[in-house]
Amino acid sequence: MYERPPERDDLDALLDPLIRFAQEMLRKRGAFYPFGDVMTIDGEVTLTAADPGTDHPPTEEMMDLLLAGMRTQAAAGQIRAAGLCYDVRIRDRDGNATDAIAVSLEHKAGDTARVLMPYSKGRFRGLKFGDIAAERAERRVFDVE
């Protein structure tokens, strides 16, 4: 029988605010810059963003800044979990390219996940969000040199 790792509850607590905020930004602005959230040692979840100081910064630059900040907090023992949310293009089941909200989650205890939620922008219907899928992710915040 499968036993759910105890840190999975922490990752679930990070996932919901990230998905909801990304959906809100897509509805209001049609796009979003990468952003994240962290869970403190005490279990408090806080959204986080990076400001590279330029208009329309590249996605990779934003993600690098966010990850650097999270690594600093992790090294200082201030957080126990981190999540990074960004926009990607993926292939759907039929092989067609589609947009997706991607969330990379990581716990200091070792659990990781990459969650994908496909979405499409309808001409008249607004946004349509697909089913969430999850896979293992690489570690980029905790114990990374």
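Which residues have the most contacts inside the largest nonpolar core? They are Phe 32, Cys 85, Ile 101, Val 103 and Leu 105, and the core has 19 residues. A nonpolar core here is a set of buried Ala, Val, Leu, Ile, Met, Phe, Trp, Tyr and Cys residues joined through side-chain atoms within 4.5 Å. Buried means under 20% relative accessible area, with exposed over 50% and partly exposed in between (1.4 Å probe, protein chains only).

A word on the model before going further. This is a predicted model, in which local features need pLDDT of at least 70, side-chain atom pairs count only at pLDDT 80 or more, and totals for chains, interfaces and linings use all residues. Residues are numbered from 1 along each chain as its sequence is written, and side-chain values use heavy atoms, with hydrogens and water left out.

Five elements each supply at least two of its residues: α1 (8-29), β1 (35-40), β3 (79-91), β4 (97-107) and β5 (112-122). Helices (H or I, at least four residues) and strands (E, at least two) are DSSP runs, numbered from the N terminus. α1 gives the largest share of this core, eight residues. There is also a second, separate core. It has 18 residues, including Met 70, Leu 84, Ala 102 and Leu 116.

Look at Val 103 next. Leave aside its neighbours within four places in sequence. Val 103 is then in contact (heavy atoms within 4.5 Å) with Leu 15, Leu 18, Ile 19, Leu 84, Cys 85, Ala 113, Arg 114 and Val 115.

The strands come next. Two strands pair if DSSP finds at least two bridges between them. Start with β1 and β3, which run antiparallel and are joined by six bridges. Here Thr 40 stands opposite Ile 79 in β3. Move on to β3 and β4, also antiparallel, with 11 bridges. Gly 83 stands opposite Leu 105 in β4. The hairpin of β3 and β4 has five residues between the strands, and Gly 95 there takes a positive phi near 90°.

Follow the chain into β5. Eight bridges join β4 to β5, and the two run antiparallel.

Gly 122 stands opposite Gly 126 in β6, and three residues make the hairpin link from β5 to β6. Val 115 has Ala 134 in β7 as its bridge partner.

A cavity is a set of points where a 1.4 Å probe fits but cannot get out. A pocket is an open set with protein on both sides within 12 Å along at least five of seven lines. Lining residues have an atom within 4 Å of a point. Grid points are joined across faces, edges and corners, and a volume is the space filled by probe spheres set on the points.

The whole structure holds one cavity of 30 Å³ or more. The largest cavity contains about 70 Å³ of space. It is lined by 13 residues, and Ser 104, Leu 105, Glu 106, Arg 140 and Val 141 are the closest to its centre. α2 (59-75), β3 and β4 each give two or more residues to this lining. By type, the lining divides into eight nonpolar, two polar and three charged residues. Nonpolar covers Ala, Val, Leu, Ile, Met, Phe, Trp, Tyr, Cys and Pro; charged covers Asp, Glu, Lys and Arg; the others, Gly among them, count as polar.

The largest pocket has a volume of about 440 Å³. Of its 18 lining residues, Asp 92, Arg 93, Pro 118, Gly 130 and Asp 131 are the closest to its centre. β5 gives the most to this lining, four residues. The lining has eight nonpolar, three polar and seven charged residues.

The second largest pocket has a volume of about 290 Å³. It has 19 lining residues, and the closest to its centre are Phe 21, Met 25, Phe 32, Tyr 33 and Pro 34. α1 supplies the largest share of this lining, three residues. The lining comprises 13 nonpolar, three polar and three charged residues.
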